[in-house]
Amino acid sequence: MTTVFKSTEARPMPGRSTGPVAWLRANLFSSLGNSLMSLALLAVCLWALVSSLDWAVLQAVFGSNLQACNDARGAGACWGVISEKGRLIVMGRYPEIEHWRPVIATALMLGVVVISCMPRFWNKALPLIWAVMLAVYFVLMKGGFFGLTEVDTDQWGGLPLTVMLTVISMTLAFPLAIFVALGRRSNMPAIRTLCTLYVELVRGVPLITVLFMASFMLPLFMPEGVKIDVLVRVVVGITLFSGAYMAEVIRGGLQALPKGQTEAAATLGLSYWQTQRMIVLPQALATVVPSIMNTFIGLFKDTSLVTIVSLYELTGALGLALNSDADWRPFKIEAYLFITFIYFAFCFAMSRYSLWIEERTAVSKVR
Amino acid sequence: MSHFSMIEARPLPGKKSRSISWRSREGRSVIYQIVAILSALALVALLVRNTLTNMRLRGIQSGYDFLFQPFGFDISETVIEYAHNSSYFVAFAIGMLNTLKVAVIGIVLATVLGVLVGVGRFSANFLVRKICYAYVEFFRNVPVYLQLLIWYLVFTEMLPDLDQAWQAGHFFLSKNGVSFPWPVWQLGQTLALIGVVLGLVFAMVYRRMARAHFDRTGHTRPVWAVSLAVTLALAVLGWLVGGAPNEWDLPKKGDFQIEDGGAFSPEFMALLCGLVFYTASFIAEVVRSGIASVSLGQHEASASLGLSKSQSMRLVVLPQALRVIIPPLTSQYLNLTKNSSLAVAIGYPELVSIANTTLNQTGRAIEALSIVMLVYLTLSLLTSALMNWFNASAAIQER
């Protein structure tokens, strides 16, 4: 008897798993509930897109034409407020003919900050570049040298002030934070307690109260006859505040370092400071660069609070520019959107950078 | 034949020298500490001396006696009774209660929104994922103070006037804020509330019993359904015993304002929206990183047990993610509470705003700020303690 073998039918080809149709099926319409949700969200997105396009572009007035703006009120945006007041918003109270000075000074400061963010420039020349930059910055901003008219610090404002407060406070807070973080991990109880007290006290209160303290109480703390510029007081306040936060970030990095590293340094006969400077801190700081960036972003945003103690940085300058002018005041929302965009652009760039550096350090951990 | 003799034992190490000298590590550390403490004390002494001199020179009075003088200003929102001649003390208490009010409501709402957005970033739906991502990036990267000002503008200028207030049923929304129906408080409501509390206590006891039963026999009991049913039944019972009051305080449109009912002022709404939308974007990131920290194997294992995606999220992933989530979540709660101090800029009478008025009125900067700082420090410590306790209960149980 012969057996006839018949091969089984081939299985059907699996459905396509690439291409737009498959993508849509997997990502938007995988089930009934998902499909309904997708359709609803699509509708909402479309509606939001169309109506904001209508408001911000189609019906909007772009020239600084007050009449046209008032006519378009309620229907379209009035971007004219930015061409009219933009300069005041971005520069604050700085005298108008001298505006080139803060522009150059801020560009210089931002440039140095940007190159400091690139690992290829992390070398011994960097501190020198910073020192030169700061000197040029203050000469340009304050004037009084080289035939530049002197501009008092209470005239500084707008975006240059925002950038300056962030960069200077951060630069000052950094060494403070390193010492406090080392102090918190020290095995001397008195020093540990002092550092812990500082960190916990500062982190427990809102930044506003620290700023109020800087503006109302620091003058009382000073010896008789000594007057400190309000800008300096605010920088001190912000530095003390962000120093406490950054100390905790750095402490995290110190804790993540394996004990073997300090033990190895001890067997090599390195002293405490040599160990910290050459072995511990470089590794600890490298692991927490993303968190330090987060503190930096937080600081950049927090500078908006100095408005409350009457310094006119970006947010404050906006209020200054619009509150005094009844004609343009109704278009505050457009001006707010404008500075929202500026803040967003800065912070988003910084958070992208933080992600990039995180990926870079992740690569170096792969063996 | 050789004779081995034992090596002499090493002499006992000498007693460590206790004298403080620069040559020994211990000696140096003692000296460092003494110097640190002395310089801290000297700094404080110097500041106090300067302050006292300055205050004497400028004729600034000091002391907390002002607390019992009348505050003399109207406070737009009060949780407790406030009269025009109430003291600074009462004003500070009101400020603190207003801070607590916005912080508690804000923390609850921000947690709900933040968890939804954070979980949404793992959704299978492309649109949900991207919208959650865009939300986080936008709200995280704009200062909360600016967001607060924008919300304030929306609530005070862009909403319709009172006579054209948006109305949905008995809810009103206009430049005057939000109004909503509120039950007239009677014995029934109190008893219902007691019923709810008793129900929650029962739920806790029942849950523990069910857990013990499960450990013993391996059979589960319907904890949620039973707890909910008992709590509801107790609440309804309390309400019925109290005479089943069903009177509602309904808001009505008056000539100058929406009268009666419960109401939130535009300042409160602006502050609440600003804090909630901002903090939720951070909470979403905390939740996302917590979920991402649960290993892929756990997802796969729960899938192979036949759990649905939402079941595996709820029963397997989130409980493990909670360990990573709770500590940074605590910081976000503290941040929200502290950020409520920004309300000083939009005129919601919370603690810092009251202190600011006090400072301008009496010139007692040190006293006013010290009260504010003390309150915030206490709040911080209490929140941390509470969350640490919660953290301990979520921590991994090891043998």
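In this predicted model, A:Lys85 is located in helix α4 (residues 80-91) of chain A. The residue is buried, with a relative accessibility of 11%. Its side chain makes a polar contact with that of A:Asp325, at 2.8 Å.

**Surroundings of A:Lys85**
- Apart from neighbours within four places in sequence, A:Lys85 is in contact with A:Ala321, A:Leu322, A:Asp325 and A:Trp328.

**Salt bridges**
- Over all chains, the structure contains 14 salt bridges.
- One of them joins A:Asp152 and A:Lys142, with the closest N and O atoms 3.6 Å apart.
- A:Asp152 lies in the loop between α6 (125-142) and α7 of chain A, whereas A:Lys142 belongs to helix α6 of chain A, so the pair ties together parts 10 residues apart in sequence.
- Both partners are partly exposed, A:Asp152 at 44% and A:Lys142 at 27% relative accessibility.
- A:Glu200 forms a salt bridge with A:Arg184, the closest N and O atoms lying 3.9 Å apart.
- Because A:Glu200 is in helix α8 (residues 189-203) and A:Arg184 in helix α7 of chain A, this pair ties together parts 16 residues apart in sequence.
- A:Glu200 is partly exposed at 36%, while A:Arg184 is buried at 14% relative accessible area.
- A:Arg184 and A:Glu200 also belong to a network of salt bridges that includes A:Arg203, A:Glu248 and A:Arg251.
- In chain B, B:Arg288 and B:Glu285 form a salt bridge, with the closest N and O atoms 3.2 Å apart.
- These two residues are 3 apart in helix α7 (residues 266-292) of chain B, which means that about one helical turn separates them.
- B:Arg288 is partly exposed at 29%, and B:Glu285 is buried at 17%.

**Cysteines**
- The structure holds 1 disulfide over all chains, formed by A:Cys69 and A:Cys78 with their sulfur atoms 2.0 Å apart.
- This link is right-handed, with 75° about the S-S bond.
- A:Cys69 is buried at 1% relative accessible area, and A:Cys78 is likewise buried at 1%.
- A:Cys45 is partly exposed at 29%; its sulfur is too far for a bond because the closest cysteine sulfur, in B:Cys132, is 11 Å away.
- B:Cys132 is in no disulfide and is buried at 10% relative accessibility.

**Model confidence**
- Chain A has an average pLDDT of 87, and 98% of the residues score at least 70.
- Within chain A, confidence is lowest in helix α1 (residues 20-27), with a mean of 81, and highest in helix α7 (residues 158-184), at 93.

Terms used. Residues are numbered from 1 along each chain as its sequence is written. Chains are lettered from A and ligands numbered from 1 in the order in which they are written. This is a predicted model: local features need pLDDT of at least 70, side-chain atom pairs count only at pLDDT 80 or more; totals for chains, interfaces and linings use all residues. Side-chain values use heavy atoms; hydrogens and water are left out. A disulfide is a pair of cysteine sulfur atoms within 2.5 Å. Buried means under 20% relative accessible area, exposed over 50%, partly exposed in between (1.4 Å probe, protein chains only). pLDDT is the predictor's confidence in each residue, from 0 to 100. Helices (H or I, at least four residues) and strands (E, at least two) are DSSP runs, numbered from the N terminus. A polar contact is a pair of N or O atoms within 3.5 Å; within protein, one must be able to donate a hydrogen and the other to accept it, and residues adjacent in sequence count only if both atoms are side-chain atoms. Contact means heavy atoms within 4.5 Å. A salt bridge is a side-chain nitrogen of Lys or Arg within 4 Å of a carboxyl oxygen of Asp or Glu.
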